[in-house]
Each structure stands twice: as C-alpha cells, then as structure tokens.
Amino acid sequence: MTILVTGGAGFIGSNFVIDWLKQSDEAVVTLDALTYAGNLANLGALGADSRHRFVRGSIGDGVLVERLLRQNAVRAVVNFAAESHVDRSISGPAPFFETNVMGTLALLEASRAYFGTLDGAAREAFRLLHVSTDEVYGTLAPDEPAFAETTPYRPNSPYAASKAASDHLVRAYRETYGLPVLVTNCSNNYGPYQFPEKLIPLVINNALSGKALPIYGDGRQVRDWLHVADHCSAIRRVLEAGAPGATFNVGGDNQMANIEVVQLICGLLDVRRPRGDGKSYAEQVVYVADRPGHDRRYAIDARRIATELGWRPAVSFAEGLATTVDWYLANPDWVADVTSGAYRDWIARQYG
Ligand code: NAD
Ligand code: TYD
C-alpha cells in the first residue's frame, strides 16, 4: 500500500512524511512543486529509504497526479500543497488561488477519476485528507468561544479565502461525487523545518543575525500554537479513524499573544546563545505597522477530535518551543540554504 503526500517537501508535509515512515511500512510518494517554501533537504533524514519516492510536480497537473495514483495503487492522498503565508497573500493574492483553489480542484478531479476505477476493498479504503487551517473561521473577540467545526466560515485574508474555497470544493466532491474526503482545520504550527518567514523561525533567525524582531501592531494578537509533531499525529489519527466526510479542528489549547511568544524565544536564546554585549535579545524588538485585516485572535475547540478519535496534543509549548529553538541553533546551514536570494528580496519588500 502507498500514500501520496502532496506538498511533502514543505514544513508540515516533510515532518509528516518523516514521522509516517518511522511508524509505518506503508510507502510514500511525495509530490511537491518545490516552490520557494519547498526544500528537498527537509526530507534528507530519509536518505535512500526505498519506501519513499519523490516526484517534482504540481497538484495542478491532473494528468501527472492521476498517473501517480494509478501507478502506485495509492490508498490515500494527504494534501499539504499550498501557498501558506498570509503576508505574501496580501502583497500578491493570485498564486494563492492558482495553487490552493485551482490546484486543489485538479487534485480532486484526478482523485475522482482514480476512485472511479477502484472496487472492492480498495474502494472502501480510499481516502483524500485535505489539510486546512483555522484561519477560514476569521477572527475572535477576546471573550468569544473557540472555533468549532460548526463555526461559519468568515475568512479575512486572501490566504484564508483561498483555503476556505478549497475546503468548500473538497466538501462538494463528497456531496456530489461521493469522494471519501476528510478535512482538518488546524491552528498555528511551529517546529523544525518551518520557513523563516513565519513568526517563530523569523524571530529566532533575526535575533541571531542581530536584526530587528518586527512585531505587527500592538503585538497582542493571539494564536493557539501547536507543535508540528502533534499536528502530524492528529492527521494520522483522522486518516485512520475519521468517518468519510468528517471535518476535525486541531489545536493545542495554547493561546498566547505574539509579544509573549517573542519574549519567550528571547529568554531561551539569552540562556543558550547569550548576546556578546550581555543584553537580552528582547532589546531587538521593534513595533512595526500592523498587517492589513490582521485577525485578532484564533482559538480552537478540539473536543470533537478528542472525544471521537481520542487524539490529544502531547508536546507542551514550553518543551516544544525550547526544542525548536535548539533545532534552529543546531541547523544554521539549513537556514542559510533556504534564505536564498529570493527570500532576501521578500524580506526587503516586506520590512523595508
Ligand atoms: P509550506 O509553505 O511550508 O509548504 C507548502 C509546500 O507545498 C511546499 O513544499 C511547496 O513547494 C509545496 N507546493 C506549493 N505549491 C504546490 C503545487 N502547486 N503543487 C505541489 N506542491 C506545491 O506550508 P506548511 O506550513 O507546511 O503548510 C502545509 C499545509 O498546512 C498548507 O495547506 C497550510 O494551509 C496548512 N496549515 C498550515 C499551518 C501552519 O501553521 N503552518 C496551520 C494549519 C494549516
Ligand atoms: P504568521 O507566523 O505569519 O502566521 P499566521 O499569520 O498564519 O497566524 O504570524 C503569526 C502571528 O505573528 C500573526 O499574528 C502575525 C504576527 N507576526 C508579527 O507580528 N511579525 C512578523 O514579522 C510576522 C511574520 C508575524
């Protein structure tokens, strides 16, 4: 048996593929377009593992996807492939709709065609799991209850709108064509191999490079942080036991304001890699202009996945943040490789 993991050279996808092959002998085909966010080095730990095959290509290439499904007799598709950074979606929305909407449509079409050829146990077993985000629900006031699976979609950024559209497409393929789909809507992830445009790795990288730590607006926006290993275990569990058509919210029950997260990172770095002048990295914090349409608060109500599937996060934020900081300290070459010329252009445009 084989699973097809799309976007498996990105942050969460690569963590998922590596975890999967540690726990299962079921082979993996990784399909990734290797955009700026995709990096084969993320899968380097696999070495020449014969259970893994990498294919460079786009989920938007339906012919390629259908061929991979048939050739490998794929029993499940896990779709991580996406444009994923909110700020990039604000400065240029089009690629988000090409990949997240039209790409997902092509993936669904190829999966539908392939599913139509299956019968018996193979048809029973087939699943397409679409990995999505809590950002589709919009923003919460401080006293509002956390996002549940029944919360209406109210996306506020082009990224969130493109993910919401893809979730709707996935749902429609279940209702219209009977495709056995699953959807997970997860909160903010952190951990190894996260591209240093996202808050946590950006702050670690900037701190160590002596640069400003940019805090948007007042820094009191709240995110519900989940370690990537916990997100991967949730996806495995949903794939294993989720009823076709179900959606599950996934979160760490760990709401924290951005400025608090940044202060924790500075505290960890102060101990592990003290600044030469004896001052705290917190001195590098700079408040900058807010993100347009910036969602104030995300929080996940993860009771459905807990009660129906018995999943709970295993990594505390204190432990997960410390091991993440240690990973970035131990992997400066990875950071140097991914922060290529194109990355520097983005930083120059975004932060001036
Ligand atoms: P990422 O940007 O690190 O990785 C995305 C990967 O998709 C990259 O390897 C990229 O090369 C690949 N890709 C892009 N376009 C492609 C295409 N057309 N065909 C094939 N591959 C393509 O993103 P991530 O943080 O790992 O997020 C993965 C998924 O999880 C996304 O769908 C995202 O919406 C979702 N998600 C992310 C978070 C988070 O906090 N990072 C939280 C919840 C959900
Ligand atoms: P980010 O990692 O981009 O994730 P998302 O927008 O998907 O939640 O940002 C996390 C939070 O950190 C968000 O509230 C925006 C904020 N942020 C900053 O304050 N400064 C920055 O330089 C970045 C990248 C994010």
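At what angle do helix α9 and helix α11 pack, and how far apart are their axes? The angle is about 55° and the axes are 10 Å apart. Keep in mind that this is a predicted model, where local features need pLDDT of at least 70, side-chain atom pairs count only at pLDDT 80 or more, and totals for chains, interfaces and linings use all residues. Residues are numbered from 1 along each chain as its sequence is written, chains are lettered from A and ligands numbered from 1 in the order in which they are written, and side-chain values use heavy atoms, with hydrogens and water left out.

**Helix pair α9 and α11**

- Here α9 covers residues 258–272 and α11 covers residues 317–330; helices are DSSP runs of H or I with at least four residues, numbered from the N terminus.
- Axes are lines fitted to C-alpha atoms over the stretch in contact, and angles run from 0 to 180 degrees between N-to-C directions.
- The two helices are therefore oblique to each other (under 35 degrees is roughly parallel, over 145 roughly antiparallel, 65 to 115 roughly perpendicular, and the rest oblique).
- α9 passes α11 in a right-handed crossing, meaning the near helix is turned clockwise from the far one by less than a right angle.
- On the α9 side, the contact (heavy atoms within 4.5 Å) includes Val 261, Leu 264 and Arg 272, while Phe 317, Asp 326 and Leu 329 are among the residues from α11.
- By class, that contact has ten nonpolar, no polar and two charged residues (Ala, Val, Leu, Ile, Met, Phe, Trp, Tyr, Cys and Pro count as nonpolar, Asp, Glu, Lys and Arg as charged, and the others, Gly among them, as polar).

**Helix pair α4 and α6**

- α4 (residues 94–117) and α6 (residues 158–177) pack at about 15°, with axes 8 Å apart.
- That makes α4 roughly parallel to α6.
- Their crossing is right-handed.
- Among the residues in contact are Phe 96, Leu 108 and Arg 112 of α4, and Tyr 159, Lys 163 and Tyr 177 of α6.
- The α4–α6 contact splits into 13 nonpolar, four polar and three charged residues.

**Helix pair α1 and α8**

- The axes of α1 (residues 11–23) and α8 (residues 228–241) come within 9 Å and cross at roughly 65°.
- This crossing is right-handed too.
- Phe 11, Ile 12 and Trp 20 are among the α1 residues that meet α8, whose side includes His 231, Cys 232 and Arg 236.

**Around ligand 1**

- There are 28 residues around ligand 1 (a heavy atom within 4 Å), and Ile 12, Asp 32, Ser 84, Tyr 159 and Lys 163 come nearest.
- An N or O atom in the side chain of Asp 32 sits 2.6 Å from a ligand oxygen.
- Backbone N or O atoms also lie by ligand oxygens, at 2.9 Å for Gly 10 and 3.5 Å for Leu 34.

**Around ligand 2**

- Ligand 2 is surrounded by 18 residues, the closest being Glu 135, Arg 223, Arg 291, His 294 and Tyr 351.
- A backbone N or O atom of Leu 199 is 2.9 Å from an oxygen of ligand 2.
- A polar side-chain atom of Asn 258 also lies 2.9 Å from a ligand oxygen.
- A polar backbone atom of Pro 214 is 2.8 Å from a nitrogen of ligand 2.

How values were computed:
A polar contact is a pair of N or O atoms within 3.5 Å; within protein, one must be able to donate a hydrogen and the other to accept it, and residues adjacent in sequence count only if both atoms are side-chain atoms.
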